[in-house]
Amino acid sequence: MNRMMEGVLPGLKTALKAGALAALLAGSGAAQSQSLAEDTYSRYVDASGSISLPQDFRLEWTHLGSWVVSEATAPGAGFHDVYTQAEAARSFREKGVFPDGAVLIKEIRSIESGAKTTGPALWARDPVVWFVMVKDNQARFDNPHWGEGWGWALFKAGDSGMNASASFAETCKGCHLPAQQNDWVFTEGYPTLQAPMVK
Ligand code: HEC
């Protein structure tokens with residue numbers, strides 16, 4: 001090997017390694033979203049498109065944000081906490097959209113109130129209902145609970161094994177219309193989807 005080649009080779013090797021690494025990283029990104037969809041559609045959705053409520057999401061998943069509807073007679077009265085898989089939140093931060101297989105859960109709990117040393121406080125008690133949306137980029141099901149790129153389900157405490165929603169069109173669509181241009185999600189309430197502001 002001549003002197004010139006000796007000089008060039010290490011650089012070439014580094015470039016090749018960097019290229020290989022980039023390809024590997026890109027590949028693992030695709031593999032990751034692949035596995036999110038695989039995981040979701042094997043665990044929470046059956047072959048006919050029937051959705052079930054994921055268990056223990058409070059511990060395992062990422063909390064996106066909360067809403068409080070404190071008027072007792074309002075349609076959505078209660079404490080609302082919204083969760084998704086950590087991987088789905090990470091992907092949203094990078095790309096600004098929920099990936100195939102992302103699951104959004106809104107848990108509504110009753111409101112408790114009382115005086116605390118902090119002041120007059122409101123806090124969440126027992127779960128009442130869970131609303132679930134499952135991202136579907138492949139129009140997998142011809143089923144009234146699927147539409148507009150999502151699966152839609154509602155579970156009631158005490159009977160959480162059964163989807164209590166009549167259909168997407170009847171139970172969910174009307175109320176979600178204000179968020180239609182935002183992939184049907186009220187992301188303004190989810191600070192976790194933005195990079196943290198640390199000052
Ligand atoms: C009474 C109106 C109303 C109905 C009915 C309704 N939604 Fe929502 N939904 C909202 C609003 C408004 C938000 C965000 C603000 C809040 O929770 O107060 C929301 C939030 C959600 C969230 C959290 C993610 C997001 O989109 O911001 C999920 C999941 C959800 N709804 C699923 C459903 C499903 C599934 C149905 C039908 C079974 C449904 N919703 C029916 C009004 C409604």
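Select helix H3 (86-95): its buried residues are Ala88, Ser91 and Phe92. Seen down the helix axis, these buried residues of H3 fall within an arc of 105°, so they line one face of the helix. The arc is that of the directions from the helix axis to the C-beta atoms. A residue is called buried if 20 or more other C-beta atoms lie within 10 Å of its own, exposed if 12 or fewer, and partly exposed in between, with C-beta atoms placed from the backbone. An α-helix has 3.6 residues a turn, so residues three or four places apart point the same way. Now select Ala86, Arg93 and Glu94, which are exposed on the face of H3 turned away from its buried side. Just after H3, Gly96 takes a positive phi of about 80°.

This is a predicted model, in which local features need pLDDT of at least 70 and side-chain atom pairs count only at pLDDT 80 or more, while totals for chains, interfaces and linings use all residues. Residues are numbered from 1 along each chain as its sequence is written.

**Whole chain.** Zoom out. The chain has four helices and six strands, in the order α-α-β-β-α-β-β-β-β-α along the sequence. Helices (H or I, at least four residues) and strands (E, at least two) are DSSP runs, numbered from the N terminus. Of the 199 residues, 24% count as buried.

**Strands S2, S3 and S4.** Select S2 (78-84), S3 (103-116) and S4 (119-135). Two strands are said to pair if DSSP finds at least two bridges between them. S2 and S3 pair in the antiparallel sense over five bridges; here Tyr83 has Ile105 of S3 as its bridge partner. S3 and S4 also run antiparallel, joined by 13 bridges, and a hairpin of two residues links them. Along this pair, Lys106 stands opposite Phe131 in S4.

**Val82.** Next, pick Val82 in strand S2. Val82 is buried, with 23 other C-beta atoms within 10 Å. Contacts are counted where two C-beta atoms, placed from the backbone, lie within 7 Å. Leaving aside residues up to four places away in sequence, Val82 touches Leu64, Gly65, Leu104, Ile105, Lys106 and Tyr190. The C-alpha atom of Val82 is separated by 6.4 Å from that of Glu107, 25 residues apart along the chain.

**The core.** Move to Ile105. With residues up to four places away in sequence again left out, Ile105 touches Pro54, Phe57, Val82, Tyr83, Trp130 and Val132. The largest nonpolar core has 29 residues, and those with the most contacts inside it are Leu104, Ile105, Val132 and Val134. Such a core is a set of buried Ala, Val, Leu, Ile, Met, Phe, Trp, Tyr and Cys residues joined through C-beta atoms within 7 Å. S2, H3, S3, S4, S6 and H4 each supply at least two residues of this core.

**The ligand.** Finish at the ligand, which 22 residues surround; the closest are Phe131, Ser165, Cys172, Cys175 and Phe186. Which helix supplies the largest share of the shell? H4 does, with four residues. Elements that each supply at least two include S1 (62-69), S6 (150-156) and H4 (168-176). By class, the shell has 15 nonpolar, six polar and one charged residues. Ala, Val, Leu, Ile, Met, Phe, Trp, Tyr, Cys and Pro count as nonpolar, Asp, Glu, Lys and Arg as charged, and the others, Gly among them, as polar.

Technical notes
A residue is near a molecule or strand if its C-beta atom, placed from the backbone, lies within 6 Å of it.
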